[in-house]
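Please examine the structure before reading on.

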Amino acid sequence: QPDPLTLSQPDWYEQGLPHIWLPYSQMKTAAPPLAAHSTQGSTITLADGSTLTDGVAAWWTACHGYNHPYIRKAVEKQLSTMPHIMFGGTVHKPALTLAHRLSNMLPGDLERVFFTDSGSVAVEVAMKMAIQYRLNKGENGRTKMLAFKGGYHGDTLATMAVCDPEEGMHHLYGSVLSEHIISPLPVDEKSTARFLSLLEQHAHEITAIITEPLVQGAGGMLFHSPDVLRHIRKAADDHNILLILDEIFTGFGRTGTMFACEQADIVPDIVTVSKALTGGTIPLAATIAQRHVYEAFLSDNPEHALMHGPTFMANPLACACANASLDLFEQEPRLAQVNHINTVLTEALEPCRALPGVKDVRTLGAIGVVELEKIENADALRTKFIQAGVWVRPFRNIVYLTPAFTISDAELLTLTDAIYKVLSS
Ligand code: PLP
């Protein structure tokens with residue numbers, strides 16, 4: 001097939017590219033982006049007709065593969081009756097059905113669903129809920145979060161403040177971000193002692209602990225055991241601190257269970273979901289609170305209401321899409337597919353361990369990671385993957401796969417073979 005990096009590009013690309021600002025890119029030096037034409041299953045077709053096998057599932061969202069006909073039909077049906085209506089003062093079947101289903105699926109009494117349209121905003125809403133929870137109860141001064149090194153919760157001003165301040169991508173903003181308590185994740189004796197001492201010291205000013213359960217994704221695909229989560233839940237309880245679990249990456253099967261917190265058998269006070277919520281088709285996010293959190297907002301004082309309301313909140317197309325995605329989890333063996341992907345990835349990535357420069361190889365659910373000592377030039381490495389016919393997007397010192405759960409074994413092996421070949425070249 002043609003080399004997608006050397007062919008001439010269509011007119012819309014040449015005309016539009018000078019007007020586009022790309023994410024996470026040094027625009028002066030970044031490799032030019034690919035011109036995508038269509039997506040289907042685990043295949044990306046570019047404008048020149050060449051194809052790539054997709055290893056990323058559009059930043060971990062397209063869990064049923066791209067352009068699933070069942071989801072497409074559900075969106076088309078909704079499009080023909082009510083593409084959008086404001087959520088201030090009206091409700092509709094797609095949103096209420098989805099809220100009901102999410103609250104049934106989630107553990108404990110996580111039962112109040114607040115819809116937004118991106119992961120970062122879902123986390124901001126969770127932070128606002130946790131802060132106002134104290135204010136409404138008259139517990140002044142408890143406005144801080146305890147977050148973890150290696151954590152990532154979004155790119156907005158509030159969420160950047162609970163990302164890793166040193167290793168993370170946002171340290172340039174340090175001087176304008178709110179101050180929170182950043183602790184090491186309690187994975188061993190030393191980090192646990194530090195975590196507990198920070199809690200002890202700051203409990204009077206902390207309202208919530210926020211963490212990604214089982215996997216710190218954007219922080220480098222770092223895995224931890226369910227015991228760590230149990231420990232965090234207990235420490236939060238001991239200090240009357242809320243626990244916010246950010247399941248934006250892990251939610252909807254990625255780690256092998258519908259939600260990662262199930263593996264630790266814990267219930268957060270607030271949980272955030274997005275990404276695979278709609279099967280990666282339309283933006284949607286949700287912040288779901290336990291009953292006791294919600295009840296702190298019930299009052300005769302109008303100021304105790306949660307003052308948040310995105311214009312496109314609970315967009316009916318997005319909610320219909322999410323309902324269709326949940327149907328697919330019920331109708332098709334998604335979690336079994338995740339476990340199968342884990343078996344294939346674990347075996348097929350193992351030979352990478354012997355390659356020079358490889359520090360670690362690890363898998364969890366439908367996540368496969370090859371950690372390198374160092375990646376000198378992530379763009380150049382990505383280009384090599386494109387030339388090998390796969391869409392793999394290295395970052396930090398990580399090459400990772402988070403494929404669609406519907407990916408075939410042959411496609412998976414195309415991805416793992418490409419990783420082996422590229423890393424050994
Ligand atoms: N939280 C986690 C754990 C994430 O992985 C991400 C995105 O990668 C976000 C929050 C932010 O989501 P969004 O990019 O939709 O704002």
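## Contacts and overall form

Two residues are said to be in contact if their C-beta atoms, placed from the backbone, lie within 7 Å. In this predicted model, 73% of the contacts in the protein chain with a separation of 6 or more are between residues 24 or more positions apart.

The protein chain contains 14 helices and 16 strands. Its radius of gyration is 22 Å, close to the 22 Å that the globule rule gives for 425 residues, so the chain is as compact as a globular protein of that length. Taken along the principal axes, the box filled by the C-alpha atoms is roughly 65 × 55 × 45 Å. Of the 425 residues, 45% count as buried.

## Helix 3 and helix 11

The crossing of helix 3 with helix 11 is right-handed.

On the side of helix 3, the contact is made by Tyr-70, Ile-71, Ala-74, Val-75, Gln-78 and Leu-79. Helix 11 contributes Pro-316, Leu-317, Ala-320, Cys-321, Asn-323, Ala-324, Ser-325 and Leu-328. Sorted by class, the contact of helix 3 with helix 11 has 11 nonpolar and 3 polar residues, and no charged residues.

## Helix 12 and helix 14

Helix 12 (residues 334-349) packs with helix 14 at an angle of about 30 degrees, and their axes are 10 Å apart. Since angles under 35 degrees count as roughly parallel, helix 12 and helix 14 are roughly parallel to each other. Helix 12 passes helix 14 in a crossing that is right-handed.

From helix 12, the residues that make the contact are Ile-341, Val-344, Leu-345, Ala-348 and Leu-349. From helix 14, they are Asp-409, Leu-412, Leu-413 and Thr-416. The contact of helix 12 with helix 14 divides into 7 nonpolar residues, 1 polar and 1 charged.

## Asp-417 in helix 14

Helix 14 spans residues 409-424 and includes Asp-417. Is Asp-417 buried, exposed or partly exposed? Asp-417 counts as partly exposed because it has 15 C-beta neighbours inside 10 Å, whereas a buried residue needs 20 or more and an exposed one has 12 or fewer.

Asp-417 and Cys-352 are 65 residues apart along the chain, and their C-alpha atoms are separated by 9.7 Å.

Key:
Residues numbered from 1 in each chain as written. Predicted model: local features only at pLDDT ≥ 70, side-chain atom pairs only at ≥ 80, totals over all residues. Left-handed = near helix turned anticlockwise from the far one by under 90°. Helix = DSSP H or I, 4+ residues; strand = E, 2+ residues; numbered from the N terminus. Nonpolar A, V, L, I, M, F, W, Y, C, P; charged D, E, K, R; others polar. Rg over C-alpha atoms; globule rule 2.2 N^0.38 Å. Axes fitted to C-alpha atoms, helices over the stretch in contact; angles between N-to-C directions. Parallel < 35°, antiparallel > 145°, perpendicular 65-115°, else oblique.
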